[in-house]
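The following note sets out some points on the model shown below. Please read them alongside the coordinates.

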Amino acid sequence: MRHIFTIAALGLASVAFQAQAALINQTSQLPAPAQVIDFNAEDGLFIGIGSSYSANVPPVTLSSQDGDFTVGQRIATDLGINGSWGAGKSFLSFDKIGDMTLRIDFNGLKTRAFLADWSMYEEAGDDRLTTVTAYGIDGSSETFTLGSFATSLDGVDLDDSQLIYSTNFSVTQGIRLAHADIAYITVQGDGVVMDNFAYTQAVPEPESILLAALGLGTIALLRRRRQA
């Protein structure tokens with residue numbers, strides 16, 4: 001019998017950004033308004049080390065500094081004892097053999113929650129993990145961990161023989177916070193595949209909103225003085 005396990009962690013590096021991280025596993029738990037990146041717009045787009053891919057508006061950027069990945073992968077991908085992905089599916093795949101890290105950046109905005117369908121390459125007796133971590137950024141641009149989980153399909157309540165011959169089997173997992181504090185996410189693992197990356201629409205940082213309001217107030221005050 002196989003098992004799935006998750007590990008939740010809470011980062012308390014900044015008092016102003018403390019938040020309770022909760023694990024979620026279905027889209028109904030994602031606060032609205034939600035956006036989705038399903039990778040269907042691309043057909044095997046190769047993204048090399050140091051390059052990036054952007055999707056949606058406002059843009060979400062995906063990049064890696066230590067491995068290549070493919071967006072809109074449509075070729076059947078062998079995941080070892082976890083079966084395969086690819087039949088009628090368009091997804092993101094890690095192309096490097098060995099561990100690599102994918103960064104998902106909200107480009108100066110912040111989101112409250114996200115989740116995706118995950119799987120990975122595993123061999124019998126090989127305890128591999130995909131570790132997903134959400135980070136915040138405080139006023140001095142210091143980063144800190146808001147929440148993290150690790151997922152393994154070594155794993156699921158199926159016999160090994162059933163999963164080996166399965167297609168597009170995945171685990172849906174994500175993180176939800178009380179406030180929109182997530183600035184970027186990292187996904188670390190070996191042979192990771194991901195689809196249907198969903199997230200609550202990212203918004204400006206509270207500090208940015210305050211500065212904009214102060215700026216508008218200043219303009220309005222200057223206009224009144226000129227009219228006087």
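1. Met-194 touches Phe-39, Leu-62, Trp-85, Phe-91, Leu-92, Leu-102, Ile-104, Ala-116, Asp-117 and Trp-118, leaving aside residues up to four places away in sequence; contact means heavy atoms within 4.5 Å. The model is predicted: local features need pLDDT of at least 70 and side-chain atom pairs count only at pLDDT 80 or more, while totals for chains, interfaces and linings use all residues. Residues are numbered from 1 along each chain as its sequence is written, and side-chain values use heavy atoms, without hydrogens and water.

2. Met-194 also belongs to the largest nonpolar core, of 35 residues, where Leu-62, Leu-92, Leu-102, Ile-104, Phe-114 and Phe-197 are likewise among those touching the most other members. Such a core is a set of buried Ala, Val, Leu, Ile, Met, Phe, Trp, Tyr and Cys residues joined through side-chain atoms within 4.5 Å, buried meaning under 20% relative accessible area with a 1.4 Å probe, protein chains only. Strand β17 (residues 192–200) gives the most to this core, with four residues; strands are DSSP runs of E, at least two residues, numbered from the N terminus.

3. Leu-102 stands opposite Val-187 in β16.

Conventions. Two strands pair if DSSP finds at least two bridges between them. Buried means under 20% relative accessible area, exposed over 50%, partly exposed in between (1.4 Å probe, protein chains only).
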